[in-house]
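Dear colleague,

I am handing over the structure we spoke about. Please look through it first; my notes follow below.

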Amino acid sequence: MKRNIGTRTEIFDTTSNVAIKVTDLHKKFKLPTEQAFGLKQAIFNRLRGIKGYKEQKVLKGLDFEIKKGEFIGIVGRNGSGKSTLLKILAGIYHPEKGTIIVNGNLVPFIELGVGFNPELTGRENVYLNGALLGFSNEEMDKMYNDIWKFAELEQFQDQKLKNYSSGMQVRLAFSIAIRARGDILLLDEVLAVGDAAFQQKCNDYFASLHGNQTVILVTHSMENVTKFCDRAILIENGKITLEGNPKIVAKAYESLWD
Amino acid sequence: MNIPHIFNKRNRILLAELTKTDFKLRYQGSVLGYLWALLRPLMMFAILYIVFAKLLKFGSDIPHYPVYLLCGTTMWSFFTECTSQGIQAMVVRGDLIRKISFPKYIVVVSATLTAVINMLINVVVIIIFALINGVEFSFAWFLIIPAIFELYILSLGIALLLGSINVKYRDITSIWDVCIQALFYAVPIIYPISLIAESSIAAAKIILINPISQAIQDIRYLLITNETITTWDYVGEQNFFWKLLPIIITIAIFIIGALVFRKKSKFFAEEV
């Protein structure tokens, strides 16, 4: 069974101004047909010569390059392959074909609050989530108070997370996430959280990243694309159909429904 | 499995934090909390003691039989907990695997470390019981460390091997439950191995080639009484291959487990 021979390499080359280089990236998934789960079905399928899955090509040859310090927006409809791309860049999925070179330390936010556990207190969750983002306990100790302050949830620190509202959970998660320092940030649709006041804080945070950090943002919000991004990439059916000025890409994206 | 990964700071933090969480969550919401780590094996011991030592009169030829029995049940619980938790670890921690990129074996190791902590607490209890029972302290006690380590490596190997298959075929969890039931009777925990040797020496030898039996008997030999029949004394006369076979099996299972895990772990994020 030969599959997934693509490569993803991390390098730390300070002389190059390229942050990410993707060449001819392909990815397909094996989607189980009917009930191909479980040992019984797997054996049956093999005996009958049925594959038990159907292949779905999600990414069909992507090429692009991101320079250091660029704020890039990736847009596309649901199911166009954006999130798959992000997960491959983050090293969660393995590329099927093609090469990816990541230059620098990459911090992905595929989802906020990864590892949050409702049975643990806010404090315990902060440390757990911090560890998942790569922080040591000492580092967490230092920024602990700032995290709660930013989230505006100081008085709930020792409550179990299950007693938080979903908005509170997201705020806490966001406030930990923005502490992460990497050379490249991958953000998947994490902008829209909290009420208007918190939203403003988040926007300020993203504005502060602009120009200082390489950011790849996957979003459906054309407002954010035009506001923050230096460049945007439109993905349709696993291919890049347009790349360039955010305003033009945003227009093209909106016209997909016309 | 890249060795330097283990020493990587980020991975160490992650391992420590996940283990802490596992341990906290295990006894979350119970009144007695962590005390259950102690009470559960003690209660299992009490049942087995009443049934096998008192009613069926097993082990009258073995000195300190109650502690001998407790030692066996503790190590057995350690083995079952390690393997069951380890096999399911990837499924339980599926959300992490789907969302962040990190070496997947950390999830398995953290699940087994919780069992290690439980076992260590119980070893303290065994030692207290042993002293009360009149077992003399000896420096040979420290030699149980390599024997426990062997049992851990075996459990980890099984967890890695079956755990990586379990990601796709969840049947493994149920199959392993049955295997554990069968193995329980194939290891001399509740019955003394001498009982088997009376009717069939060959069967006793086969039982002792099982690495679990070998480790448990060695721990009993070192900790409780040197009247314990060990693999080293009983199997293979002058042939060292047979005497070392349990250790060879352990290492082989671990290596196969690690290799299979490494190969399959690339696709866990998609399959889990």
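At roughly what angle do the axes of helix α7 (residues 144-166) of chain B and helix α13 (residues 240-264) of chain B cross? The model is a predicted one, and in it the two axes cross at roughly 35 degrees and come within 7 Å. The crossing of α7(B) past α13(B) is left-handed. On the α7(B) side, the contact is made by Glu150(B), Ile153(B), Leu154(B), Leu156(B), Gly157(B), Ile158(B), Leu160(B), Leu161(B) and Ser164(B). From α13(B) come Ile247(B), Thr250(B), Ile253(B), Phe254(B), Ile256(B), Gly257(B), Ala258(B), Val260(B), Phe261(B) and Lys264(B). Sorted by class, this contact has 13 nonpolar, 4 polar and 2 charged residues.

Next, the interface. Chain B puts 21 residues in contact with 24 residues of chain A. On the chain B side, the elements that give two or more residues are α2 (9-26), α5 (94-99) and α14 (268-271). The largest share of that side, 8 residues, comes from α2(B). The residues of chain B that touch chain A divide into 10 charged, 8 nonpolar and 3 polar.

Then the nonpolar cores. The largest has 129 residues, and Ile72(A) and Leu186(A) are the ones that touch the most other members. Helix α4 (residues 65-92) of chain B gives the most to this core, with 13 residues. In chain A, the core draws at least three residues from each of domain 1 (7-105 + 216-257) and domain 2 (118-181). Leaving out residues up to four places away in sequence, Leu186(A) touches Leu86(A), Leu89(A), Ala90(A), Leu106(A), Pro108(A), Phe109(A) and Ile216(A). There is also a second, separate core of 7 residues, including Ile193(B), Ile207(B), Leu208(B) and Tyr234(B).

Is Glu139(A) buried, exposed or partly exposed? Glu139(A) has 15 other C-beta atoms within 10 Å; a buried residue would need 20 or more and an exposed one 12 or fewer, so Glu139(A) is partly exposed. Glu139(A) sits in helix α4 (residues 137-151) of chain A. From Gly91(A), Glu139(A) is 48 residues away in sequence, and the C-alpha to C-alpha distance between the two is 24 Å.

Regards

Conventions. Residues numbered from 1 in each chain as written. Chains lettered and ligands numbered in written order. Predicted model: local features only at pLDDT ≥ 70, side-chain atom pairs only at ≥ 80, totals over all residues. Axes fitted to C-alpha atoms, helices over the stretch in contact; angles between N-to-C directions. Helix = DSSP H or I, 4+ residues; strand = E, 2+ residues; numbered from the N terminus. Left-handed = near helix turned anticlockwise from the far one by under 90°. Contact = placed C-beta atoms within 7 Å. Nonpolar A, V, L, I, M, F, W, Y, C, P; charged D, E, K, R; others polar. Core = buried A, V, L, I, M, F, W, Y, C linked by C-beta atoms within 7 Å. Domains from an automatic or database assignment.
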